[in-house]
2 protein chains.
Amino acid sequence: MIKFYDLAAANEKQRFSPYCWRTHMALKHKQLPFETIPWRFSDKEVIAFSGQGLVPVLVDGDKTISDSWKIAEYLDEAYPNTPSLFGSAEAKRHARFIKHWTETTLHPMVSRMTVLDILNELHEKDQPYFRESREKRFGKTLEEVVSDREDTRKKFALALAPLRLATAEEPFLCGGTPGYADYIVFAMLQWARSSSAFPVLLADDTVNVWRERMLGLFAAYAASFPTPGK
Amino acid sequence: MIKFYDLAAANEKQRFSPYCWRTHMALKHKQLPFETIPWRFSDKEVIAFSGQGLVPVLVDGDKTISDSWKIAEYLDEAYPNTPSLFGSAEAKRHARFIKHWTETTLHPMVSRMTVLDILNELHEKDQPYFRESREKRFGKTLEEVVSDREDTRKKFALALAPLRLATAEEPFLCGGTPGYADYIVFAMLQWARSSSAFPVLLADDTVNVWRERMLGLFAAYAASFPTPGK
């Protein structure tokens, strides 16, 4: 069975990496049985066999693949008889643009809203590394980073406008059925949901309609994971 | 021959509407002969036959189409034997997302950098309407709107990250050859170039590489149009 090293919080059932959530959804979409191996930032030696230090890492028989995008490409190539993640060259290009948009525009804002909550959800052994590396990245304490998060949420709502408009026209970014572009953006929201009780979307935001659709996929797979304090 | 009502500056050869630039590029892409009719904001009665008050308006025989997106759809439907603007349902979906992204994220920033320059390029008869409607929209004078445009340019450079990354991977947003998604984003830059001497892109921004590619298409069609003071 496919094994997948997945970033875990102190509660090992709680999974919050936006990159790993892409892989969760991709594996469900491909209808492939898999088991996840909870992994913490400190467990570098555990995935040293992959030749790098980040998750997701997928192990499928004698194949080891890291990097969420490469994993998605691998799954479509290795399993052509289950639903395609990308569909066509054009749809893959669309997913690629949405990946860039998500990582450059949305991820920094989500991080500015949730990074202190993430710290508090982590296993003790991961906390010093996490605080130090993130404070270095932001150039300030995590407490300072999140102090204006209601303001960040307003900017985030503005930045989500293309998602809001596209998913008002069709059920998913990929049209009538979800695909990898949807999983990329949903994984970003799932990152927030799995690590913070702060609602990054306001209750009246219609992006919630699409998010609920995504949470309901595959027998409410994503919704079944624990959130902070639950 | 196809006629196309196109927003013009005081210099009637100077064309600056981002929506009309989409149609310029779409018509060139479709290899269709056309003539443009310079139009000013005040000439509402001239396009009253279209049932609305905005350009572009396309007249092709007995057909009248307004709205740049509908014009692009019409051109692909009416002229299936010249290169397709959209290519496939997936590529059209990609263009649609990029349209939403361009209009919600990029247009407001370009406007905040160039709106005062646009005013100064307009025909005298258009200036009172333009100043009044835009100051009402911004809630401040146009002089105030552009006063921090170097700051806006920094935010604009950040917002362009997905375009920068995508066009470093492939020559165009649509892959090896340009398509309607490229024209939508390029039209936004052409709006700035045609109405303002303020460089919205810094000289070392690699987005310029893609922009130059776009300026060079169709025998340097877009580059042949006058810019302010030229």
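Begin by selecting Arg96(A) and Glu169(B), whose side chains meet in a salt bridge at 2.6 Å, N to O. A salt bridge here is a side-chain nitrogen of Lys or Arg within 4 Å of a carboxyl oxygen of Asp or Glu. Between chain B and chain A the count is four salt bridges. This is a predicted model, in which local features need pLDDT of at least 70 and side-chain atom pairs count only at pLDDT 80 or more, while totals for chains, interfaces and linings use all residues. Residues are numbered from 1 along each chain as its sequence is written, chains are lettered from A and ligands numbered from 1 in the order in which they are written, and side-chain values use heavy atoms, with hydrogens and water left out.

Next, display both sides of the interface. Here 22 residues of chain B are in contact (heavy atoms within 4.5 Å) with 22 residues of chain A. The area buried between the two chains is about 1,900 Å², and carbon and sulfur atoms give 65% of that area; buried area is the accessible area (1.4 Å probe) that two parts lose on being put together, summed over both. On chain B, select Arg93(B), Phe97(B) and His100(B): these lose the most area to chain A, together 33% of what that side buries.

Now colour helix H3 (89-121) and helix H7 (161-169) of chain B, the elements that give two or more residues to the side touching chain A. H3(B) gives the most, with eleven residues. Helices (H or I, at least four residues) and strands (E, at least two) are DSSP runs, numbered from the N terminus.

Move to chain A and select strand S1 (residues 2-7), where five of the six residues are buried, that is, under 20% relative accessible area with a 1.4 Å probe, protein chains only.

Finally, select Ser66(B), found in strand S4 (residues 63-66) of chain B. Ser66(B) is buried, with a relative accessible area of 17%. Beyond residues up to four places away in sequence, Ser66(B) touches Gln52(B), Pro56(B), Val57(B) and Ile71(B).

Conventions:
Buried < 20%, exposed > 50% of the residue type's maximum accessible area, 1.4 Å probe, protein only.
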